[in-house]
Amino acid sequence: MRLDLRSLCLNSAVVIVGAAFCGFAALDFYITRGTGSPSLSANKAARTVFRAQFWGSPGRAVDAQQLPFADRMAFYRMMILRGGPVEVSAADELALQQDFARLIRSEEFAGLAPAAREQALDWAREDLPNDQGNHVYGIPALKLPSLEARASRGDCAAARRLASYDMFGALGKYDLDFKWARIAAKCPGTYFKETLVGMFVYFSVKPAYEGEIEELIAGIEAVDPALGARYRRDVKQGRPR
């Protein structure tokens, strides 16, 4: 009788452990769903990110830039279609947009879940960066946190992109307009220095801004003395260019 009881306990333990293993495997399969691209290294990287995101382990970050180009594209696509966190390097932006532009014209697009189709369209229609300060109307929502992080670290390309993003002003988020314009104005060139001076004048010059405006105009004068002189005159007259 004693042996039977031990056997029963052992069998029960085996069943419990087996059930736990199967349950964990099923949970992991759910967490890493959508990571079945032809690229094994991209799949591994995406699974690492999704597991870290699910279990709250931010320390297990993945540097996609260490992957070969084709694998990076596969990684980006999986992350975006799943709505996962992704930081796309400036060098990869055009190629990724073109990849999604092809995807939305393919049969594969029709088979995607509605949320994934929306993500694909968002990235396919993205306004690409332009250092000349063109108006930017389309930045994928998933990309904004990455751009904001890069701009906060002083990345000029990201700062210029955000400073040109018209949706901030359209939504009345003028604090963000000023925040990114200030960072972009510290970068080489005069365009965003001119833009920020114009914003200060448009919203009325306050004493607290006078030192900042003087610094901006000095930066413009260092590149183009005549242009700087015109801005100095316009600020005194209180009219935006």
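Visitor: Which residues is Arg150 in contact with, leaving aside its neighbours within four places in sequence?

Guide: A contact is a matter of distance between heavy atoms, here within 4.5 Å. In this predicted model, Arg150 is in contact with Glu87, Val88, Ala90, Glu93, Asp155, Ala157 and Ala158, once its neighbours within four places in sequence are set aside. Arg150 itself belongs to helix α7, residues 144-152.

Visitor: Is Arg150 buried or exposed?

Guide: A residue counts as buried when its relative accessible area is under 20%. Arg150 has a relative accessible area of 7%, and therefore it is buried.

Visitor: How many of the residues of α3 are buried, and what covers them?

Guide: In general, an α-helix has 3.6 residues a turn, so residues three or four places apart point the same way. In this case α3 is mostly covered, with 10 of its 13 residues buried. Among them are Asp71, Arg72, Met73 and Ala74. The cover of the buried residues includes α2 (40-55), α4 (93-103) and α6 (114-124).

Visitor: How many aromatic pairs does a search of the whole structure find?

Guide: The search finds four aromatic pairs. One of them is formed by Phe75 and Tyr76, with 6.2 Å centre to centre and 55 degrees between the planes, and this pair is tilted. Phe75 is buried because its relative accessibility is 5%, and Tyr76 is buried because its value is 0%. Another tilted pair joins Phe178 and Phe200, whose ring centres are 5.5 Å apart and whose planes meet at 40 degrees. Phe178 lies in helix α10 (residues 174-185) and Phe200 in helix α11, so this pair ties together parts that are 22 residues apart in sequence. Both Phe178 and Phe200 are buried.

Visitor: Which residues make the nonpolar surface patch of about 350 Å²?

Guide: The patch is made by Tyr174, Tyr202 and Phe203. Phe203 sits in the loop between α11 (191-202) and α12 (207-223). Its relative accessibility is 35%, so Phe203 counts as partly exposed.

How values were computed
Residues are numbered from 1 along each chain as its sequence is written. This is a predicted model: local features need pLDDT of at least 70, side-chain atom pairs count only at pLDDT 80 or more; totals for chains, interfaces and linings use all residues. Side-chain values use heavy atoms; hydrogens and water are left out. Helices (H or I, at least four residues) and strands (E, at least two) are DSSP runs, numbered from the N terminus. Buried means under 20% relative accessible area, exposed over 50%, partly exposed in between (1.4 Å probe, protein chains only). Patches are made of residues with over 30% relative accessible area and no salt bridge: like charges are joined within 9 Å, nonpolar side chains (Val, Leu, Ile, Met, Phe, Trp, Tyr) within 5 Å. Accessible areas come from the Shrake-Rupley method with a 1.4 Å probe; for residues, only the protein chains shown count as cover. A salt bridge is a side-chain nitrogen of Lys or Arg within 4 Å of a carboxyl oxygen of Asp or Glu. Rings of Phe, Tyr and Trp (its six-membered ring) pair if their centres lie within 6.5 Å; planes under 30 degrees apart count as stacked, over 60 as edge-to-face and the rest as tilted.
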